[in-house]
Amino acid sequence: MNKTAVVIFSDPKNGGDEALGRVFNGLVAAYDIKQSGGDVSITFQGAGTRWVSYITKADHPLHGLYEAVKGNIIGVSCGCADFFGAAEAAKDNGFELITECPVPGTSGLPSFGKLLKSGTTILTF
């Protein structure tokens with residue numbers, strides 16, 4: 001089984017059930033791949049960086065699933081977290097801010113090019 005990267009773009013502030021369903025299915029995909037012995041990583045990007053202040057709370061409905069896959073979370077897009085106001089929540093909750101792709105005018109983002117070059121399958125939610 002090749003490497004798989006799950007990227008969460010879903011915005012908890014916009015979309016209600018659909019946004020919750022997308023992050024739920026992204027985390028479930030990562031859980032399933034992990035349980036199957038696959039190599040999986042999870043990244044929060046775009047407005048999805050806001051999820052880190054929700055799913056880390058013990059009373060959130062996805063907290064148990066988050067706990068089951070948190071070891072596979074590689075981090076949060078730094079540039080996106082800056083833009084969407086999630087940088088402090090990411091830091092406060094112990095998430096790494098990813099800056100490997102130095103996009104002009106940003107503090108850096110995760111690199112899709114790096115993932116593709118390594119043969120990683122990218123799933124977006």
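Strand β1, helix α1 (residues 16–35) and strand β2 together form a right-handed β-α-β unit; right-handed here means that, with the strands pointing away from the viewer, the path from the first strand over the helix to the second runs clockwise. Helices (H or I, at least four residues) and strands (E, at least two) are DSSP runs, numbered from the N terminus. The model is predicted, so local features need pLDDT of at least 70 and side-chain atom pairs count only at pLDDT 80 or more, while totals for chains, interfaces and linings use all residues. Residues are numbered from 1 along each chain as its sequence is written, and side-chain values use heavy atoms, with hydrogens and water left out.

β1 runs parallel to β2 (residues 39–44), with six bridges joining them, and threonine 4 has valine 40 of β2 as its bridge partner. β1 also runs parallel to strand β5 (residues 121–124), through four bridges, and here alanine 5 is partnered by isoleucine 122. Strands are taken to pair if DSSP finds at least two bridges between them.

Next comes the nonpolar core. In soluble globular proteins, nonpolar side chains tend to be buried together. The largest such core has 27 residues, and Ile8, Ile42 and Phe44 touch the most other members; a core is a set of buried Ala, Val, Leu, Ile, Met, Phe, Trp, Tyr and Cys residues joined through side-chain atoms within 4.5 Å. Two or more residues come from each of β1, α1, β2, α2 (63–69), β3 (73–77) and α4 (87–92), and α1 gives the most, with six. Leaving aside neighbours within four places in sequence, isoleucine 42 has contacts that include Val6, Ile8, Leu27 and Ala30, where contact means heavy atoms within 4.5 Å.

Histidine 63, found in helix α2, is buried, with a relative accessible area of 14%. Beyond neighbours within four places in sequence, histidine 63 is in contact with Ile55, Thr56, Lys57 and Ala58. Histidine 63 and isoleucine 122 are 59 residues apart in sequence and 23 Å apart in space, C-alpha to C-alpha.

Key:
Buried means under 20% relative accessible area, exposed over 50%, partly exposed in between (1.4 Å probe, protein chains only).
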